[in-house]
Structure formats: C-alpha cells, structure tokens
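This report walks through some local features of one structure. Please look at the sequence and the structure first.

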Amino acid sequence: KMAAAGGTGAAAALWSEVNRCGQNGDFARALKSVNKILQISKDDVTALQCKVVCLIQNGCFKEALGVINTHTKVLPSEVIAFEKAYCEYRLNRIENALKTIQSASQQTDKLKELYGQVLYRLERYDDCLAAYRDLIRNSQDEYEEERKTNLSAVVAAQSTWERVMPEDLGLREATYELCYNSACALIGQGKLSEAMKKLQRAEELCRQSLSEDSDVTEEDIEAELAIIHGQMAYIMQLQGRTEDALQLYNQIIKLKPTDVGLLAVIANNIITINKDQNVFDSKKKVKLTNAEGVEHKLSKKQLQAIEFNKALLAMYTNQAEQCRKLSASLQSQSPEHLLPVLIQAAQLCREKQHTKAIGLLQDFAEQHPANAAEIKLTMAQLKIAQGSVTKACMILRSIEELQHKPGMVSALVTMYSHEEDIDSAIEVFTQAIQWYQQFQASQTNYMSSPFQPKSPVHLSLIREAANFKLKHGRKKEAISDLEELWKQNPKDVHTLAQLISAYSLVDPEKAKVLSKHLPSSDAMSLKVDVDALENSHGATYVRKKAGKLTGDNQQKEQGQGEVKKKKKKKKGKLPKNYDPKVTPDPERWLPMRERSYYRGRKKGKKKDQVGKGTQGSTTAGSSELDASRTASSPPTSPRPGSAAAVSAASNVIPPRHQKPAGAPATKKKQQQKKKKGGKGGW
C-alpha cells in the first residue's frame, strides 16, 4: 500500500510537470515526464495522447504515428483520429489522411480544417471550396482571416490550373496574402496588368505588416517578399520582358530562400527563357528542380512542366538516351498528352530519322483520335521538310475539323500552287464553300426567306476562289462564283466587270446584256479637287501657293507665265598649284595626244645604255653575245637582280615562303596595284 501510495504521489507530480511544460511550450521536457508516467502505467490513455501531442509538437510525426499504430486497442480511431490524420498529412501520405478523416465517427472542427487542406493537396478544388465555405459559415473564432485566405487560394488554383472563371467572393483584401491570391487568380484569366498592380499592393502591405515587428530584419522581409517578386517576374516573362524577368529571378535565387518549391519554379522559368541557348546555365538550374521535397510543394501540372523541360534540355544538350528515357516516362504517366510524343519525334528528327518520327506520330494519332489534329499538323510539317509537299497536303486534308478553316484553305491552295496542281487547289476551294453552304442550310429559319445572305467568311472564300480561277485562266469556272458574289452585292462594279470579262469568252451576248448594268461614265466620274490633291502631304509634286501679286507682277505673270528661279552656280575648285599670274593652258581639256605641242614618246631608249653605270661597265645583253660563255662553261654565281637569279628563285622556293600553285607573285602584285586605286572601280 505504501508503494502504491508512493507511486500515486509520483504520478501526480509528473502530471503537474507535464501541465507546466505544456503551458510554457517546452514539449521536449514534457515528453520526458510523460514517458515516466507510462513507465508507471503503460496503458494510460491520457498519457499516450499527451505523448503523441508532444511528438507532433517536436516535429516527430513518424514516431507519433508509430505510437498510434502500436496502441490501436487503447487508442481507438474516434479518440485519436485528428492526430493520426495530421501525422499522415505531414508525412505526405495524403490519401491515407483522407481515409482517416472520412472514417472518423465524429467530424470535429479540427478535422474539417484538416479535410480542407487535404482536398487542396489532392487538387480537388470544388470539394475544397465547399468545405471552406461551410467552415466560414459555421465557425466564429480568431482563425476566420486564415480561412478566408485559404478560400481565396482555392479560387486562385481553379483559375490557374483549371481555367475556371473565378467568382467574386466579396473578400476585403486587407492582408498581403489575400492580395497575392487575388493576383494569381487574375493571372489565370490573362489579366496581367491588373495582376501586377495587385502584387505591388501586396508588397506594400507585406512591408507594412512586417516592419511593425521590431524583431524582423530587412533580410526577413526580403525573404517573405520573394514569392511576390517571383510572381512579378513571371508576369514580366509572359509580357515578353524577358531581360527584366531574368534579372528579378536571379535576385531571388541570390537570397537563397528556404522554400524549395519557389526555387524550383524560378529555376524552371529561367530554363524556359534560355531555351536552346545558355545551356550550361540551364543545366545548373535543373539541380534546383531536383531538391528534396519539391514534389510535395508543387501541383501536378507544375511538376509535369518541369519534367517536360528536363527532356527538352536533354535533347538540346545532345543527350539522346536521356531524352528518350524522360519522354518515355512522361508518356507512361500521361498517355494522352501530346508533348512526350512530340519530344520523341523531335529527337528522332535531330538524328535524321524522319521516317521513323512520322511513323511514331501516325501511331499516336490512331490511338488518340482526340489529339489527331495537332499530331497531323506536325506530320505535315515533317513531310514539307522532306520536300514531299503533295503528301503533306494529303495529311492536312485528312483533318476534317480544319478542312473549312480559312487558314487551312489558304495553306493548301498555296502548297498546291507551288506544285502547279491548280485542279487540286480549286477542289479545296470547292469543298470549303460547300461546307459553309451545308452549315448555313442546317441553321434554323434558313428556309424562312427566299434569299439568305452569306456569312463574311463564306463570301471571302467565294471571292478568293473566283480571283484564283481568273488568275490561272479559268474564267469559265469562275463565272458561278462571280454570279454568286454579284447577287449578294449588285452594286459591286468590280465584281460585275470581272463577270462581263469572263462571259465575253463563253457567251458574248450575255456579256452585252450584263454590260448594261454598268454605271454611265458621268456617274463613275470622280469629283476630285486637283489643287487639294497636289497640295496634300503625300503628293509627289507639290505646287507652292502663290502669294498676293501686285498689278505689274500680275500682268507679268499673265504675259510671260511663271518665272523659274535660277539656280546659283557653285564655284569650281581650283588646283593646289594654281597661279593667277600665269595664263592657263587653253588646250588643258584635251587629251595629251591631241594637243598641238605633243611630240610623242622617244623610241629606242633603253634602261641599260652605255654611260648609265660606272665607267667600263657593259649591258646585260652583252653576255649573251660572248662566245666564251658556252654550255660547257661552268656556271657562275648569278648576280643579284639578274635574269638568272629570278629564274633560279622561281624554281626552288623555301618551304616557309611557298605559295599555292596558280598564285604567282606577279599576279598578286598586280592585284595589290589595283587595290591602291581607292574606293572607285568595282
């Protein structure tokens, strides 16, 4: 009994210690006291609950969940449901947390709060929105502002990832979190300028809120603003201001924020800006996307975009095997997605395997008919790259949902014209016009009036078809189109003229009858103010307005007409050696040969005449007349500058000065002399 009494007293002291430590927030010390209580009574439900809470407060979620799972008999699910679900949520076992919450016998407010968080992580935004609305409606406590913030975050996610038009929640944006979420919703709608203003307002509120706390430093404020600045940079990137966006992204990275999700998104956005340039920087940024815990911070679409960019980067860096591995993994995760198969096809094209790439795309189009249109457009592009324009046209014409589109019709007609296949081009026009006729006939009240006006697109196609036929000499085939256009607008003189021209070849009498509908020459004359036209800003010749003339000038104007102003002659430039005292040569403008004092050149004058050199020297030609210098005589060393020296030098050139064949030195000298002539010539 004394021992029992002693044990009871010790337990009471331990419980008071647990209570005191809990109030002080010292959960590590409280845990020690709880463990001592459990040594006294190992199945104490309250002690076990306290131990779980202490472990959660210390961040030991795995240990807390282990305690719950090993004491399932003592701790039933209705007693410890919230703690178990919260541990699973923090351990990123989101599906298990959802099951725990749904299996709880009683849905407390704490479980409902956690339920909303779990639904958000599972990207079930509609259910999450309903859960938070119910919480805001049925609860009144100090956490109302946090619930509204979470509600706005759900609306922003719907706008961004599901392209849902966000509804006005009527929330007063008094905090920077609410302003930030509102900006995200506007980005999802494409309202970038408005979103930027919201982010600037969020930045102001954040600075005001944090500066009130004296313990918060400027570095702490910049760290908190990092996510707002990151979203600003993203808007700049969408607006095409890539240099500004890149600068802001790099500033955020230099701050080294602890949010791995933010760093991963920024790194991915920088990679998208770099594209196939600055690959070394992109490879460094990829490491930030591989940080631990990133997969739990980002949405599925964000993670998917990062993986796509990794595959593209592998392709740009010529890592073919890595590119194939990543794209195949992406295709297995999202079999209906276009990008993985397009990346695989692009990699095959880089390896010059165009036929294999087209086959891969063809298989995907057959397996996923919903995405066949985009795949076939890519196949057609590859065919054009191979020079198979006709096959590309066949692929394009197989896309039924795009056959009647003006852009598709224009592309097909252009390609057929390039191949000089006019009949096929006209057939494309005919099919498109028939489609619009059938579509208009299927509309309600079509038969209510005898004349149904054509749609602008329909009329445009008819006119383009008629002009195309006239351009290629198919006037007979253009008649039906021109008649249809004229019926739609009988006042169109241009169309009527084209119709008369076409009928003149087929039925001249019909052309005469139609010509009666042409307006008279008086009706067609245009009242043009010639003076106003000449004085207009765009006129080629502008007539200056004459000022008021006096009587004498007026008579002079009438008698002689307009007097042209004489141009002032510029003084010619005189030569540098000009002497005004000396009379210039009157024949200086004539060529030298035609001048009276020209005597011609003196012939017979040679460079190597006697008397030019030193006394007793002879000319170079005298050595040839010397009979003593026969072939049997031993060769003497050539004099520098003599003909023999030149011939010897031309036979053997030192290796360091060798020139390619066909490029002799004399030719090079001639070219250099030509270049010295200045800028004139060729």
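Lys352 is exposed, because its relative accessible area is 69% and the cut-off for exposed is over 50%. The model is a predicted one. In it, Lys352 sits in the loop that runs between α18 (338–350) and α19 (354–367). Its phi is positive, about 65°, although Lys352 is not a glycine. In general, most residues other than glycine have a negative phi.

Asn318 is another residue other than glycine with a positive phi, here near 60°. Asn318 belongs to the loop between α16 (300–316) and α17 (320–333). With a relative accessibility of 61%, Asn318 counts as exposed.

## Helix α10 and what covers it

Helix α10 is made of residues 176–189. At 1.5 Å a residue, its 14 residues should span 20 Å, and the end C-alpha atoms are 20 Å apart, so the two values agree. Just after α10 comes Gly190, which takes a positive phi of about 85°.

How many of the 14 residues of α10 are buried? The count is 12, and α10 is described as mostly covered. Among the buried residues are Tyr176, Leu178, Cys179, Tyr180 and Asn181. The list also includes Ser182, Ala183, Cys184, Ala185, Leu186, Ile187 and Gly188. The elements that cover these buried residues include α9 (144–161), α11 (192–211) and α12 (218–238).

## Packing of α25 and α26

A pair of packed helices is described by the angle between the axes and the distance between them. For helix α25 (residues 475–488) and helix α26 (residues 493–506), the angle is about 145° and the axes are 9 Å apart. The crossing of α25 and α26 is left-handed.

Which residues of α25 meet α26? On the α25 side they are Lys475, Lys476, Ile479, Leu482, Glu483, Leu485 and Trp486. On the α26 side the residues are Thr495, Leu496, Gln498, Leu499, Ser501, Ala502, Tyr503, Leu505 and Val506. Sorted by class, the contact of α25 with α26 has 10 nonpolar, three polar and three charged residues.

## Aromatic pairs

Two rings of Phe, Tyr or Trp count as a pair if their centres lie within 6.5 Å. By this rule there are five aromatic pairs. One of them joins Phe82 and Tyr86: the ring centres are 6.0 Å apart and the planes meet at 20°. Planes under 30 degrees apart count as stacked, so the pair of Phe82 and Tyr86 is stacked.

Both Phe82 and Tyr86 lie in helix α5 (residues 77–90), where they are four residues apart, about one turn of the helix. Phe82 is partly exposed, with a relative accessible area of 22%. Tyr86 is also partly exposed, with a value of 23%. Together with Phe61, these residues form one aromatic cluster.

Tyr120 and Tyr125 form an aromatic pair too, with 5.8 Å from centre to centre and 65° between the planes. This pair is edge-to-face, because planes over 60 degrees apart fall in that group. Is Tyr125 buried or exposed? Tyr125 counts as buried, at 5% relative accessibility.

How values were computed. Residues numbered from 1 in each chain as written. Predicted model: local features only at pLDDT ≥ 70, side-chain atom pairs only at ≥ 80, totals over all residues. Heavy atoms only, no water. Helix = DSSP H or I, 4+ residues; strand = E, 2+ residues; numbered from the N terminus. Buried < 20%, exposed > 50% of the residue type's maximum accessible area, 1.4 Å probe, protein only. Axes fitted to C-alpha atoms, helices over the stretch in contact; angles between N-to-C directions. Left-handed = near helix turned anticlockwise from the far one by under 90°. Contact = heavy atoms within 4.5 Å. Nonpolar A, V, L, I, M, F, W, Y, C, P; charged D, E, K, R; others polar. Expected span 1.5 Å × (residues − 1).
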